Each structure stands twice: as C-alpha cells, then as structure tokens.
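Here are a few friendly notes to read alongside the model. Keep the 3D view open and look up each residue as you go.

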Amino acid sequence: MKILVPVKRVIDANIRVRVKPDHSGVETDNVKMAMNPFCEIAVEEALRIKEAGDAAEVILFSAGPEKFQETIRSGLAMGADRGVHVVTDETLEPLVIAKLIKAVAEKEDAELVILGKQSIDGDNNQTGQMLAAIMGRPLGSYISEIKKHDGGFAITREIDAGLEKLQIASPAVVTTDLRLNEPRYASLPNIMKAKKKPVERLTPDDLGVAVSCRVETLKVVEPPARAAGVFVSNAAELVDKLQNQAKVIQ
C-alpha cells in the first residue's frame, strides 16, 4: 500500500502574524516558515502505519513556489520515502489543490491519502472533503485513530458528542485531528539522508489541472483590539449591564 500525504508551508505557529501595510495580505518576508501542524500529524501517522507493516511507501506532496520543497524535505527527514512537488507561483484555492492531489494520487496509485484537517493560514477545512468527493472515495474526517482492518480502515472520529467509530472501505481519504498522535522530531542523520531522497518536480499543466482563481481578496485587516473589562459590585449590577449595555439578555 502506498500512502500519499499532502503538506503545506505556512507561517510558524509560534510567530505573531503581521498584516502588510497595504492590507493585501499577511507579511511573509523574513518570517519563519514551517510545515502546517496538522500536516505534521498526517506525516507522523503515515510513518506509523508503514512501521506497523501496513504500508510499503510514504509519498509527500506539496504545491507552491520553489521554497515549498523545504517543507517536503522536512517531511522526508521525519522518515517519508520521497516527494512530489507541483511548482507554481499562482495562488491555489482548496478545489485546485484537491484536483492536484487527485492527479498525483492516481498517478502514484496511492490507496490512502492522509491530510491535515486544515491549514492554520487559510483555515478553510475544505480540501480533504473536496478531494474525497472528486475521487469518489469514502472520507474519514477529524480522525483521532486509524488502523488497517478487513480490507479497509477502522477509524475513530472526533465529533461534538464525543467519539464516533467507523469502518471505511479502501481506497480512502482521511483528515487528521490534533489527538491522533504527537509528531516526532527529525534526527540529524535523517536530516542528512533527506537531502538525497528524490523529489519529483511537476507543473499543473503536467497533471492537466487548470490553475484558476475564483476568490479575490479585497482587504486583510487585523481583528479589533479587545476592549478592557469592567468590574461589577454585585449580581444585580451585572444583570443590568448585560441587559441595558451589552443587550445580550432581555
């Protein structure tokens, strides 16, 4: 079984995001970048499935500018076998990314595609669902456990009411939640080995996918500063302020 894991390069989760002066987007120049945290979880789970003997190869995928290859190398240093980089400077929306993943998954004959449930920059939480739909595959979203079982996969999903256990057929698409695992750190020997692992370079045209932008960003602004709180002397005063000032109760 081959496992395909899409990974995305984002601003490091520990860095404070700053909006550009012209409000056209967020500042990325001279900003520390890293692999999307949910993608790290997806890579880790793919590696654990392989280490359990249920997969033969873990392939990483990323689509974006040249620097995205650094993110692929990070995943290769964790233990993935090889990478596929679709090189493009265009802004990619979830549907286009899903189409690119589909093309690569079919090209590689990947039985399982594991994605992070969302990226921490766009925060769309759409790509996994779109991918499963256009591939005609069953989807396991927000998973906190996955095991190969009876020709398919036994998964546990995080839902509002608690946990939901399902059996899905193979081939499949799953998206990872935070409680699935704790990603490993890449060792120095593996970092050195990752430099020699193959990364195939493709373009959207190679895969027959048209890169078109359907959404226009008009303006990006920081959220308003939170107003200072106030102290009240008793419950009656609190109710009065909630009713007459905040108007959240009647």
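1. Start with Val-232, which is partly exposed, with a relative accessible area of 33%. Keep in mind that this is a predicted model. You will find Val-232 in the loop between β11 (199-202) and α6 (235-244).

2. Now turn to strand β10 (residues 172-176). Is this strand enclosed or open? Five of its five residues are buried, so β10 is largely enclosed by the rest of the structure. Ala-172, Val-174 and Thr-176 lie on one side, Val-173 and Thr-175 on the other, and both faces are covered.

3. Next, look at the neighbours of β10. Strand β6 (residues 112-116) runs parallel to β10 and is joined to it by five bridges, with Ile-114 opposite Val-174. Strand β7 (residues 139-149) also pairs with β10 in the parallel sense, over three bridges, and here Gly-140 stands opposite Val-174.

4. On to charges: side chains of opposite charge can pair when their charged atoms come close. The count of salt bridges comes to 21. In one of them, Arg-48 meets Glu-44, with the closest N and O atoms 2.7 Å apart. Both lie in helix α1 (residues 37-51), four residues apart, about one turn of the helix. Arg-48 is partly exposed at 36%, whereas Glu-44 is buried at 3%.

5. Finally, compare Asp-81 and Lys-50, whose side chains form a salt bridge (2.6 Å, N to O). This pair links distant parts of the chain, 31 residues apart.

Note on methods: Residues are numbered from 1 along each chain as its sequence is written. This is a predicted model: local features need pLDDT of at least 70, side-chain atom pairs count only at pLDDT 80 or more; totals for chains, interfaces and linings use all residues. Side-chain values use heavy atoms; hydrogens and water are left out. Helices (H or I, at least four residues) and strands (E, at least two) are DSSP runs, numbered from the N terminus. Buried means under 20% relative accessible area, exposed over 50%, partly exposed in between (1.4 Å probe, protein chains only). Two strands pair if DSSP finds at least two bridges between them. A salt bridge is a side-chain nitrogen of Lys or Arg within 4 Å of a carboxyl oxygen of Asp or Glu.
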